Amino acid sequence: MVKHAVEANFDGLVGPTHNYAGLSWGNVASKSNVNSVANPREAALQGLAKMKQLADRGYVQGVLPPHERPHLPTLRALGFTGNDRQVLEQAASTDPSILAAVSSASAMWTANAATVSPSADTKDHRVHFTPANLSAKFHRSIEHRVTGRALKAIFTDESYFAHHPALPSVSHFGDEGAANHTRLCSRYGEPGVELFVYGQIAFNEQAPAPVKYPARQTLEASRAIARLHGLSDRHAVFAQQNPAAIDAGVFHNDVIAVGNGNCLFYHELAFLEEDRVLAELSDRLTGAALEAVRVSAGEVPIEDAVASYLFNSQLLNTPDGMLLAVPGECREVPSVSRYLDQLVKVDGPITSVEVFDVKQSMRNGGGPACLRLRVVLNDEELHAINRGVILTDALYDRLVTWVNAHYRSELDQQDLADPMLLEEVRKALDELTGILGLGSIYDFQL
Ligand SMILES: N=C(N)NCCC[C@H](NC(=O)CCC(=O)O)C(=O)O
C-alpha cells in the first residue's frame, strides 16, 4: 500500500564564521567575491527568513546546525601545536589559507550534506543517508563527520533510518551529495526514480571530462551510493553532466537543473546525453508522465543561468501547480527575468515564482536550493524524527534571538585568527545544540 509522504526541507543554519575566502575554484561567485567583508548575522537571518516563509506556507521545514569553525582538531592534525590561541596564531602567521579553509561556514549548503533515498525506493524500506565526502575541496572535506552525527541525532530510530559513513575520501569517489541527485516520482510516497548526475568517470581516462574546472562527482561514487542505499536498477538513472557546463561554472548539477514530482526543469546544456537521460527517466517513472521543462541557450545563455542561479531554485508542490522559489538575482538578469515571466504564462507544470533574498550566501555560490537538503518522509517516519529541529514560530523567534546575540555583523579574513571568535562560536553552538535538542555533536562537546 502506498503511504502518504511529504518532502521535508532541512536548511543549513549559516554559521557565525561565514566569510568570503575564495576557496572554490570552479565556483565563479566564490572566486569573484574573495576578500569581501561578510556579514554573518545578515546571512543567518536571510536563511532563517527563507525557512520561515516556506514554513508559513505549510511546508515541513527543518534546521541543520552549523559546524564548529575554525576547526582546531584539523589544525592540530596538520601539525599546529599548543593551546587554542597558539594554534590559531601559528596557522594565521605561517599559512593563512589553511586557517581560512578550516574556518569556512560552508556546511550551510546542506544540498551537499548527504544523499538521501526515501524508504519507498530502497530495498529494506528504510530512509538511507550517506554524508557526502566533499573530497574535491579541502575546506568541505572536513564536514562529513559532524554532518553524520547531526543526521543521526535527528533521524535516530534505526527501524526507519539507515546511516552510512561517507565514501572513501579520494578523488575516485568524489561525492557532493544531493546537489547531484534528483528524485522524480508521481507522489512522494510512491516509488520514484533517482537521477544521479556525475562530472567524470574516474577509472576511464578516455571518457569525456571538463578541461578548465574540476568535476567534483564521479560515476563510481554515484554508483556506490545507489548500491549502499539498496536501489534497484529500475529506481536509478545515471547521467553525465555536460563537461562544457562545468567549464562554464556549473560545479554542481543543481546549478543547471532541478526536479520535483514528475517535473524536470533543466537547461539544454545540462546533460551530455540528454535524449537518453529523458528516455530512461520516462521509462522508469511510474504513475505519471515525465514533464520535461527544457530551457534553451537562446532563451537563457548558460552564463546568465550561472550568474542568476535560475536553476538553483526550489521546486515545490502547491495545491495548484508547482512553485519555483528563486534567488533575487534572477530578477537582476534580463534574460532570466523575461524567461520567468513567460514560464508562468504557458500552460506548464510550474505555475508560480517567488523571490528569496539569500544574497550573503549567493556571493559564495549558494542559492536557495544549495541551502536545503530534501528528505521525503512518510507519516510514521516524520513522527519518528527528533522534532526539536522542525521550524515553528517559537523556534524561529528563538533562533533569531540566538543569532542576534552571538553573531558579528562584519567578518573579514583577519578576524579568523581572533581567539575571541572561536570562543564566541563554541558558546553559541553549545547553546544551539540545547535549543535544537541534539545532544553533543561537536568535537569540543565530546
Ligand atoms: N550548489 C550547491 N549545492 N552548493 C553550493 C556550494 C557553494 C560552496 N562555496 C564555497 O565553499 C565558497 C567558500 C568561500 O569561497 O569562502 C562550494 O563551492 O562548495
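Me: How do the residues of the shell around the ligand divide into nonpolar, polar and charged?
Reply: Keep in mind that this is a predicted model. Of the 23 residues around the ligand, Ser-24, Ser-30, Ala-111, Ala-179 and Cys-370 come nearest. Sorted by type, the shell splits into nine nonpolar, eleven polar and three charged.

Me: Which residues have the most contacts inside the largest nonpolar core?
Reply: In soluble globular proteins, nonpolar side chains tend to get buried together. Here the largest nonpolar core counts 137 residues.

Me: Is α15 roughly parallel or antiparallel to α16?
Reply: Helix α15 (residues 393–406) packs on helix α16 (residues 419–436) with axes 10 Å apart, at an angle of about 170°. Angles over 145 degrees count as roughly antiparallel. So α15 relative to α16 is roughly antiparallel.

Me: And what residue types make up the contact of α15 with α16?
Reply: From α15 come Arg-398, Trp-402 and His-406, while α16 brings Glu-424, Lys-427, Ala-428, Glu-431, Leu-432 and Ile-435. By type, that's four nonpolar, one polar and four charged.

Me: How do the residues divide by type where α2 meets α15?
Reply: Helix α2 (residues 40–56) and α15 pack at about 175°, so these two are roughly antiparallel. On the α2 side sit Arg-41, Ala-44, Leu-45, Leu-48 and Lys-52, facing Tyr-396, Leu-399, Val-400, Val-403 and Asn-404 of α15. The tally for this contact is seven nonpolar, one polar and two charged.

Methods. Residues numbered from 1 in each chain as written. Predicted model: local features only at pLDDT ≥ 70, side-chain atom pairs only at ≥ 80, totals over all residues. Near = placed C-beta within 6 Å. Nonpolar A, V, L, I, M, F, W, Y, C, P; charged D, E, K, R; others polar. Core = buried A, V, L, I, M, F, W, Y, C linked by C-beta atoms within 7 Å. Buried ≥ 20, exposed ≤ 12 C-beta atoms within 10 Å, placed from the backbone. Axes fitted to C-alpha atoms, helices over the stretch in contact; angles between N-to-C directions. Helix = DSSP H or I, 4+ residues; strand = E, 2+ residues; numbered from the N terminus. Parallel < 35°, antiparallel > 145°, perpendicular 65-115°, else oblique. Contact = placed C-beta atoms within 7 Å.
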